[in-house]
Amino acid sequence: MGAGRPDEADNRWPPWLKPLLGEHFFVQCKLHADSHKSECNMYCLDCMNGALCSLCLAHHKDHRYIQIRRSSYHDVTRVSEIQKYLDISGVQTYVINSAKVVFINERPQPRPGKGVTNTCEVCDRSLVDSFRFCSLGCKIVGTSKDFQKKKRHMAAMASDSEDSYSSSGHGKLNNKVQSFRPSTPPPTSVNYRTAKRRKGIPHRAPMGGLIIQY
């Protein structure tokens with residue numbers, strides 16, 4: 001890659017997407033702090049100049065913008081708005097207040113729930129089987145060349161580790177187990193000693209069978 005050449009992965013996404021992922025919403029607008037509508041929950045895709053309140057939109061009449069909403073302290077946007085400007089295929093959608101939404105950034109999950117068969121390829125959050133990512137941010141990371149390369153490398157290391165265990169470690173373990181098993185003496189030697197010992201036992205005739213002559 002030559003100097004000054006833009007990254008190929010960056011060209012796959014619109015220029016406003018990464019700034020959107022790093023923006024802080026639901027803060028008070030500095031320009032309209034005295035208004036009860038000063039909460040910044042809008043984002044202009046053309047200007048990319050930070051979160052906006054509804055009053056700020058007067059200066060963005062002919063621009064593309066989306067509204068950001070909140071769900072469990074995480075930022076979401078409606079599918080009907082974002083899909084006009086972005087391919088969201090593979091991203092898990094949710095229905096909140098009768099509207100289908102997608103999460104903006106990842107929401108890591110400590111451990112998947114019981115019986116979960118599909119998780120986000122990036123942060124391991126539980127997903128419905130037909131999806132690959134839990135958010136827009138995870139899709140950007142998960143589809144990048146660096147992430148795919150790292151994923152293949154980890155899969156190769158895991159495969160090599162399993163092969164090494166089956167070819168050497170497991171065999172050594174079996175040998176150790178066998179070496180600790182006590183040897184069993186041949187049955188012939190035991191029978192010989194037993195028979196020999198029994199042969200030396202004297203047998204007396206009963207007193208009733210003794211005949212005394214004078």
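**Sheet and core**

Modeller: In this predicted model, three strands form an open, antiparallel sheet in the order β2-β1-β3.

Colleague: Which are the edge strands of this sheet?
Modeller: The order of the strands is β2-β1-β3. An edge strand pairs on one side only, and this holds for β2 and β3 (65–67). The edge strands are therefore, given that two strands pair if there are at least two bridges between them, β2 and β3.

Colleague: Which residue in β2 stands opposite Tyr 43?
Modeller: β1 spans 42–44 and β2 spans 51–52. The two strands run antiparallel and are joined by two bridges. Opposite Tyr 43 stands a residue of β2, Ala 51.

Colleague: How many residues does the largest nonpolar core have?
Modeller: Several elements each supply at least two residues of this core, including α2 (17–21), α3 (79–82) and α4 (136–142). Among the residues with the most contacts inside the core are Trp 16, Leu 17 and Ile 82. The number of residues in the core is 28.

Colleague: With which residues is Leu 20 in contact, leaving aside its neighbours within four places in sequence?
Modeller: Leu 20 is one of the residues with the most contacts inside the largest core. Beyond its neighbours within four places, Leu 20 is in contact with Phe 25, Tyr 43, Ile 66, Ile 68 and Ile 104.

Colleague: What percentage of the residues in the protein is buried?
Modeller: Buried here means under 20% relative accessible area. Of the 214 residues in the protein, the buried ones make up 27%.

Methods. Residues numbered from 1 in each chain as written. Predicted model: local features only at pLDDT ≥ 70, side-chain atom pairs only at ≥ 80, totals over all residues. Heavy atoms only, no water. Core = buried A, V, L, I, M, F, W, Y, C linked by side-chain atoms within 4.5 Å. Buried < 20%, exposed > 50% of the residue type's maximum accessible area, 1.4 Å probe, protein only. Helix = DSSP H or I, 4+ residues; strand = E, 2+ residues; numbered from the N terminus. Contact = heavy atoms within 4.5 Å.
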